[in-house]
Amino acid sequence: MDLSFSAEDLAFQREVRAFVAENYPADIKAHFDAGLEPRKADFVRWQKILFEKGWVAPAWPQQYGGTGWTPTQRYIFQEELGAANTPGIIPFGLSMVGPVIYTFGSEEQKKRFLPGILSSDVWWCQGYSEPGSGSDLASLKTKAVRQGDKYIVNGSKTWTTMAQWADWIFCLVRTDSSVKQQEGISFLLFDMKSPGITVRPIITMDGGHEVNECFFDNVEVPAENLIGQEGQGWTYAKFLLGHERSGIAAVARSKRGIAKLKQIANAELSDGRPLIEDQDYRRKLAELEIDLTALEYTELRTLARESQGKGPGPESSILKIKGTEIQQAITELAVEAAGYYGFAFNHRAMNGSNEPVVGPAATAFAAPAYFNMRKTSIYGGSNEIQKNIIAKMVLGL
């Protein structure tokens with residue numbers, strides 16, 4: 001496998017870098033560089049800029065609005081966005097339900113839903129996890145009963161990320177309880193403004209409002225919003241999760257996280273000397289960089305597989321496990337660098353308050369970032385589930 005960039009790839013890299021430098025709004029960059037809490041308007045604004053350029057959905061087929069880039073170009077694109085610390089592409093529409101719709105949806109559904117996803121005019125959320133049905137997703141109980149030309153949905157979802165901002169939800173629902181668990185699940189799309197939907201915030205231990213509970217009380221969903229065939233939702237769900245896990249590695253953003261760690265370690269003192277000179281801390285940083293390099297090569301191997309026309313395989317589980325472990329390790333070293341200042345954080349400061357932070361500015365948000373990133377090894381299919389997938393599909397156990 002040749003991992004070096006061609007002359008065309010290097011020219012493409014320069015093109016992306018120049019575009020980001022010229023078009024990334026300074027106010028959004030300042031907000032994200034300061035580590036402040038993300039805002040919906042910033043995500044939408046940046047995605048619309050990419051949409052106008054035709055770059056918002058690199059992984060989509062060209063016929064539906066994709067770029068036609070090679071896997072290497074897509075990798076370079078993500079590297080450049082990560083290096084510039086742009087808002088991450090919100091995955092629910094572009095990386096999750098979009099590919100499901102253009103792969104399994106009807107022509108009418110493609111015409112109806114794909115344009116709004118590309119333009120970021122419609123914000124989606126994911127209705128997968130339920131109380132008691134997280135890692136064991138197939139045990140979900142939210143029911144959809146067909147009545148003529150509509151479904152009546154009752155039940156609840158939890159850990160629904162950014163549902164407070166969502167216009168639509170893609171939802172796994174049980175349409176048949178008399179068959180095997182996986183065979184009785186269907187994939188529905190419905191408007192979050194439908195009567196009978198209640199969204200309640202879940203405030204996480206970093207003080208943020210990112211996830212929610214969603215309750216469905218006799219919600220009426222037009223039958224035309226069913227994706228594919230009734231009872232085949234588990235197939236579409238697994239397809240979606242494969243795409244979700246591939247994007248979770250976040251190599252480019254972890255590179256930026258390690259670079260920031262080095263800045264902090266150069267500025268903070270330990271026993272009167274810069275922390276970066278502490279042998280134990282240097283060893284941990286070095287191990288983290290080695291792990292990240294190994295992960296990057298695994299991601300490149302996945303791209304090589306894609307360039308051969310093959311979809312995400314069990315490699316996506318490896319990317320998910322190691323990617324999230326590295327993201328968590330970065331926040332752990334940030335807390336270690338913050339020392340006692342890591343005990344105190346002011347959540348209002350993350351919303352842009354002018355109240356002074358406690359301790360050095362570079363370490364002010366170390367603790368909330370640490371707490372927030374505990375989620376990564378659980379969402380998108382817990383790391384324990386991913387290890388089971390690797391055991392079965394790779395090791396044949």
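Trainee: Where does UniProt place the feature "domain: Acyl-CoA dehydrogenase/oxidase N-terminal", and what is the helix and strand content there?

Mentor: The UniProt record, an unreviewed entry, places that feature at residues 7-119. In this predicted model, the chain over residues 7-119 is 71% helix and 0% strand. The end C-alpha atoms of that span are 32 Å apart.

Trainee: Which residues does UniProt assign to the feature "domain: Acyl-CoA oxidase/dehydrogenase middle", and how much helix and strand does that span hold?

Mentor: According to the unreviewed UniProt entry, that feature covers residues 125-219. The span is 0% helix and 51% strand, and its end C-alpha atoms lie 17 Å apart.

Trainee: Why are R283 and D280 separated by about one helical turn?

Mentor: An α-helix has 3.6 residues a turn, so residues three or four places apart point the same way. R283 and D280 are three residues apart in helix α9 (residues 279-307), and are therefore separated by about one helical turn. They form a salt bridge whose closest N and O atoms are 2.6 Å apart. R283 is partly exposed at 40% relative accessibility, and D280 is partly exposed with a relative accessible area of 33%.

Trainee: Which residue meets K284 in a salt bridge, and which parts does the pair tie together?

Mentor: The partner of K284 is E336, at 3.1 Å from N to O. K284 lies in helix α9 and E336 in helix α10 (residues 315-338), so the contact ties together parts that are 52 residues apart in sequence. Both side chains belong to partly exposed residues, with relative accessible areas of 25% for K284 and 37% for E336. Through shared partners, salt bridges join D280, R283, K284, E287 and E336 into one network.

Trainee: How are cavities found, and how many of 30 Å³ or more are there?

Mentor: Rolling a probe the size of a water molecule over the atoms shows where empty space is left. Here the count comes to one cavity of 30 Å³ or more. The largest cavity holds about 120 Å³ of space. Its lining consists of V44, Q47, I90, F92, G93, L94, I117, S120, V122, W123 and W124. The elements giving two or more residues to this lining are α3 and α5 (91-104). The most comes from α5, with three residues.

Trainee: What is the lining of the largest cavity by class?

Mentor: The lining has eight nonpolar, three polar and no charged residues.

Trainee: How does one check the span of helix α8, and which of its residues are buried?

Mentor: One compares the expected span with the distance between the end C-alpha atoms. At 1.5 Å a residue, the 17 residues of α8 (residues 251-267) should span 24 Å, and the end C-alpha atoms are 25 Å apart, which agrees. The buried residues in α8 are V251, A252, S254, G257, I258, L261, I264 and A265.

Methods. Residues numbered from 1 in each chain as written. Predicted model: local features only at pLDDT ≥ 70, side-chain atom pairs only at ≥ 80, totals over all residues. Heavy atoms only, no water. Salt bridge = Lys/Arg side-chain N within 4 Å of Asp/Glu carboxyl O. Helix = DSSP H or I, 4+ residues; strand = E, 2+ residues; numbered from the N terminus. Buried < 20%, exposed > 50% of the residue type's maximum accessible area, 1.4 Å probe, protein only. 1 Å grid on protein atoms, 1.4 Å probe; cavity = no way out; pocket = protein on both sides within 12 Å on 5 of 7 lines; lining within 4 Å. Points joined across faces, edges and corners; volume = space filled by probe spheres on them. Nonpolar A, V, L, I, M, F, W, Y, C, P; charged D, E, K, R; others polar. UniProt positions renumbered as here; feature names shortened; annotations may be inferred. Expected span 1.5 Å × (residues − 1).
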